[in-house]
Amino acid sequence: YKFAEIKPNVSKNSGTMLYCVSITNMDIVGDKIEDLLKIAKVNSMNLKVKMHPGSFYHMDILETRFKGADIEYFKECDVGDIDFDVAIIENSTIMVDLMFLHKPVVIFDRKAEGYFLEYKDEFPWAENIGELQNALDKALSKDFNEIRKKIMNQELHNGRCSIWPSTENIF
């Protein structure tokens, strides 16, 4: 399982926000990147975009739309290999990876449904750009340890997968 390959990365202060794309509508992805660029600028942060490994569209569509914007794109790499301070995600299972990596998370999703709806009240969640700055501020100051333990226990136990060499090492 993929957790055998990654190690927790608690480094901070790179001044970088990572948008982890999990939706398939390129227009919505582009609109979200526009919003994130505004928030990144206000916060003097860099923006990186990690495409879903199984996405069928090409990054060149985004690179063309955002020509001249300072965005670094990733697709075929592990999220643990990217240097960033905070992740912006849709309601996606990448949250498990990010909790394992000890990274703060903002869920930026216009619909309150999906994999982690049960955790909605425990994570900074923004449904639109008007809520995004407040959610980002919360994520950067929040202690995610308790929710991380809860997610790792609930999502990774009961035979769903195994973590090297045991889950005791991540708590």
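**Burial, packing and backbone features of the predicted model**

D35 is buried, with a relative accessible area of 11%. This value, like those that follow, was computed from a predicted model. D35 is placed in helix α1. Leaving aside residues up to four places away in sequence, D35 touches F108, R110 and I129. Of these partners, I129 is a residue of α4 that takes part in the contact between α1 and α4, as does D35 on the α1 side.

The packing of these two helices was examined next. Helix α1 spans residues 26-42 and helix α4 spans residues 129-141. The axes of α1 and α4 come within 10 Å and cross at roughly 45°. An angle between 35 and 65 degrees is classed as oblique, and α1 is therefore oblique to α4. The crossing of the two helices is right-handed. On the α1 side, the contact is made by D35, L36, K38, I39 and V42. The α4 side contributes I129, L132, Q133 and L136.

These helices belong to a chain whose secondary structure comes to 5 helices and 6 strands. Read along the sequence, the elements follow the pattern β-α-β-α-β-β-α-β-β-α-α. The chain has 171 residues, of which 46% are buried. Among contacts between residues at least 6 apart in sequence, 63% join residues at least 24 apart.

In soluble globular proteins, nonpolar side chains tend to be buried together. In the present model, the largest nonpolar core has 52 residues. The residues with the most contacts inside this core are M17, Y19, I33, V49, I89, M99 and F123. The surroundings of I89 were considered in detail. With residues up to four places away in sequence not counted, I89 touches C20, I94, M95, L98, V105, V106, I107 and F108.

I107 lies in strand β5, which covers residues 105-108. Its relative accessibility is 0%, so I107 counts as buried. Apart from residues up to four places away in sequence, the contacts of I107 are with I89, E90, N91, M95, F123, P124, W125 and A126. Among them, I89 and F123 are listed with the residues that have the most contacts inside the largest nonpolar core. I107 was also compared in position with A135: the two residues are 28 apart in sequence, and their C-alpha atoms are 8.3 Å apart in space.

At 22% relative accessibility, M59 counts as partly exposed. The C-alpha atoms of M59 and K75 are separated by 8.3 Å, while the residues themselves are 16 apart along the chain. K75 is also one of the residues that M59 touches, together with M51, Y73 and F74, when residues up to four places away in sequence are not counted.

A disulfide is a covalent bond between the sulfur atoms of two cysteines. The structure holds 0 disulfides. The sulfur of C20 is 9.5 Å from the closest cysteine sulfur, that of C77, which is too far for a bond because a disulfide requires the sulfur atoms to lie within 2.5 Å. C77 is likewise in no disulfide, its nearest cysteine sulfur being that of C20. In terms of accessibility, C20 counts as buried at 2%, whereas C77 is partly exposed, with a relative accessible area of 24%. C20 is also among the residues touched by I89.

Two backbone positions were noted for their phi angles. Most residues other than glycine have a negative phi. S44, although not a glycine, has a positive phi of about 50°. S44 is found in the loop between α1 and β2, the latter covering residues 46-50, and is exposed, with a relative accessible area of 66%. H102 is likewise a residue other than glycine with a positive phi, in this case near 65°. The location of H102 is the loop between α3 (94-100) and β5. With a relative accessible area of 27%, H102 is partly exposed.

Note on methods. Residues are numbered from 1 along each chain as its sequence is written. This is a predicted model: local features need pLDDT of at least 70, side-chain atom pairs count only at pLDDT 80 or more; totals for chains, interfaces and linings use all residues. Side-chain values use heavy atoms; hydrogens and water are left out. Buried means under 20% relative accessible area, exposed over 50%, partly exposed in between (1.4 Å probe, protein chains only). A nonpolar core is a set of buried Ala, Val, Leu, Ile, Met, Phe, Trp, Tyr and Cys residues joined through side-chain atoms within 4.5 Å. Contact means heavy atoms within 4.5 Å. Axes are lines fitted to C-alpha atoms, for helices over the stretch in contact, and angles run from 0 to 180 degrees between N-to-C directions. Helices (H or I, at least four residues) and strands (E, at least two) are DSSP runs, numbered from the N terminus. Angles under 35 degrees count as roughly parallel, over 145 as roughly antiparallel, 65 to 115 as roughly perpendicular and the rest as oblique. A crossing is left-handed if the near helix is turned anticlockwise from the far one by less than a right angle, and right-handed if clockwise.
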